[in-house]
Amino acid sequence: MASACVLIFLLAAFFHQGDCVLKLATNFGDHMVLQRAPQQAVLWGTADTEGDTITAKITGQGSQGTPTTAKVSHGKWKLELPAQTGKGPFTVDVSSSDGHVMLHDVLFGDVWLCSGQSNMYFGFSSVINATAELHHALQFPDIRFTRAKRVQSATPQDTMAFDIPWTGPNSRYIGSSSAVCWLFAEYLHEKLKYPIGLVESSWGGTPVEAWSPPQVFTACAHHNKRGPGAHGVLYNAMIHPLLSTTLYGALWYQGEANSGHPELYGCEISNMVKQWRTQFHQQSLQQTSNSFPFGYVQLAGNAHNSMVGGFPGERWAQTANYGYNPNPAMPKTFMAVAMDLPDFNSPRGTIHPRYKQDVAQRLVLGALNVAYGQKDVVFQGPFPSAFMKGQHTLDVQYDHGHAKLTVNNNKGFEVCCSVSNMTHCDDRHDAWVAALITKHQASLVTLNTSGCGTRHVVGVRYEWRTSPCEFKQCSLYDSASGLPAPPYISHDLEPNQGPEIIG
């Protein structure tokens, strides 16, 4: 009889435990990376017992801080772990009256979100020299990654699915991970020497509108769409469930799907960055900075022809029409110029270049300077600072005379010719003509503007083509860093202020 009572008790306890369950959000898993100090990693999940106390503690050699607690409210809970300076590995134990859950082999480092469309989703196994790169990647066990499953929703979601669980580099998953995302982490890890966690959430062929919360459309009003490009459907399903995550920064490779509408995109991308920062900051108990670093890739070359196309305007819009980053509209952002990295023989089509190594290297330079404060790291190519008109000539000065230019060829520039001596180029009535480089000095190039004839030179643009050059063969580069001068346009020969001169 006593044995039967014990059995009934155990069965009752089992079923009771099934009804009252403590859960971590699906974002968490063994082998993950949580954000290191000075920020505190945020944990969250669900529980059945209203008002119950949730306790979380970190164990392992070098773990810091006492257990932290939170109360269950409306079936949910959220808490901040003590800030950790050690990398681990640690175990995280979360418990309540409903039971406990554990995370094993947890590292603490910097967590980066990687998002965008197909060039962010582009798999590591498809890069140039993929076999050697994949083998080399296995040497970085302190880089861990996970990937969100591609899902859309008309309403904001709190839970998301992942088609790659948290894992280190391994032959099962590394080949399908985001090449840009992984290589960025690899090059960054070589500089920082501590763990990097990557959360990939991307979907090929998608426009910026799909990744944007409603506030963006209030600021940039336009008609809604349907399907995977509809307003907010990917933000709702693939970003909103991540908002409580303590992030260090984000990477973005997108814009191809919006080419041809630069005015709207310029508004949308700057407001999307602003809203992501606000939402992550608020939902992460203020642990993610409301100005977290945001790096992105300016569109690479595409079709192998001389057409202007929609990409040049889109590249300019990616900078909120400043031509450089960071800028007043997009503070604490950094950009990898990629117009000189076309891949006209890519098996995935020219819109999917395989040279992700160069893209990642340029992103890391921006991250070291902007995100990590290493102000001696040069991360931007030469930028125009003054124009001086002569008799059938136009001198273009770079970086206030501090630049040291490498000039690969005499092409790339065009001037706007107007029959009116107005100070502004009108694309509808005025003509853009080629202006070859006739001579150059350390920081100055001289253009031949005789193609305008008797018309007036009222504007200038540089590498204003969808595919302006062959691989790394655009006209102007910085001699020391090898970074390309970015695409540029001025409709009035009044240069933008330009980025701060480094060094």
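User: In this predicted model, at what angle do helix α7 and α8 pack, and how are they oriented to each other?

Analyst: The axes of α7 (residues 262-283) and α8 lie 8 Å apart, and the packing angle is about 25 degrees. Angles under 35 degrees count as roughly parallel. Therefore α7 is, relative to α8, roughly parallel.

User: Which residues of α7 meet α8, and what is the handedness of the crossing?

Analyst: On the α7 side the residues are Pro262, Tyr265, Gly266 and Ile269, and they meet Gly313, Glu314, Ala317 and Gln318 in α8. By class, the residues of this contact of α7 with α8 are four nonpolar, three polar and one charged. As for the handedness, α7 passes α8 in a crossing that is right-handed.

User: How are α3 and α4 oriented to each other?

Analyst: Helix α3 (residues 130-137) and helix α4 (residues 179-192) have axes that come within 12 Å and cross at roughly 50 degrees. An angle under 35 degrees would count as roughly parallel, and one of 65 to 115 as roughly perpendicular. The pair α3 and α4 is therefore oblique.

User: What is the handedness of the crossing of α3 and α4, and how many residues of their contact are charged?

Analyst: The crossing of α3 and α4 is left-handed. From α3 the contact takes Glu133, His136 and Ala137, and from α4 it takes Trp182, Leu183, Glu186, Tyr187 and Glu190. The residues of the contact of α3 with α4 divide into four nonpolar and one polar, and the charged ones number three.

User: Which residues have the most contacts inside the largest nonpolar core, and how many residues does another core have?

Analyst: The largest nonpolar core has 99 residues, and those with the most contacts inside it are Leu81, Trp211, Trp252, Trp276 and Phe413. Another core lies apart from it and includes Phe122, Leu198, Val359 and Leu363; its residues number 47.

User: Leaving aside neighbours within four places in sequence, which residues is Phe413 in contact with?

Analyst: Phe413 is one of the residues with the most contacts inside the largest nonpolar core. Leaving aside its neighbours within four places in sequence, Phe413 is in contact with Val396, Tyr398, Val433, Ala434, Ala435, Ile437, Val445, Leu447, Val460, Arg461, Tyr462 and Leu476.

User: Asp105 has a positive phi although it is not a glycine; is Asp105 buried or partly exposed?

Analyst: Asp105 is placed in strand β8 (residues 99-116), and its phi is about 55 degrees. Buried means under 20% relative accessible area. Because its relative accessibility is 27%, Asp105 counts as partly exposed.

User: Where is Ala320 placed, and is Ala320 buried or exposed?

Analyst: Ala320 is not a glycine but has a positive phi of about 55 degrees. Its place is in the loop between α8 (311-318) and β14 (333-336). With a relative accessible area of 13%, Ala320 is buried.

Terms used. Residues are numbered from 1 along each chain as its sequence is written. This is a predicted model: local features need pLDDT of at least 70, side-chain atom pairs count only at pLDDT 80 or more; totals for chains, interfaces and linings use all residues. Side-chain values use heavy atoms; hydrogens and water are left out. Helices (H or I, at least four residues) and strands (E, at least two) are DSSP runs, numbered from the N terminus. Buried means under 20% relative accessible area, exposed over 50%, partly exposed in between (1.4 Å probe, protein chains only). A nonpolar core is a set of buried Ala, Val, Leu, Ile, Met, Phe, Trp, Tyr and Cys residues joined through side-chain atoms within 4.5 Å. Contact means heavy atoms within 4.5 Å. Axes are lines fitted to C-alpha atoms, for helices over the stretch in contact, and angles run from 0 to 180 degrees between N-to-C directions. Angles under 35 degrees count as roughly parallel, over 145 as roughly antiparallel, 65 to 115 as roughly perpendicular and the rest as oblique. A crossing is left-handed if the near helix is turned anticlockwise from the far one by less than a right angle, and right-handed if clockwise. Ala, Val, Leu, Ile, Met, Phe, Trp, Tyr, Cys and Pro count as nonpolar, Asp, Glu, Lys and Arg as charged, and the others, Gly among them, as polar.
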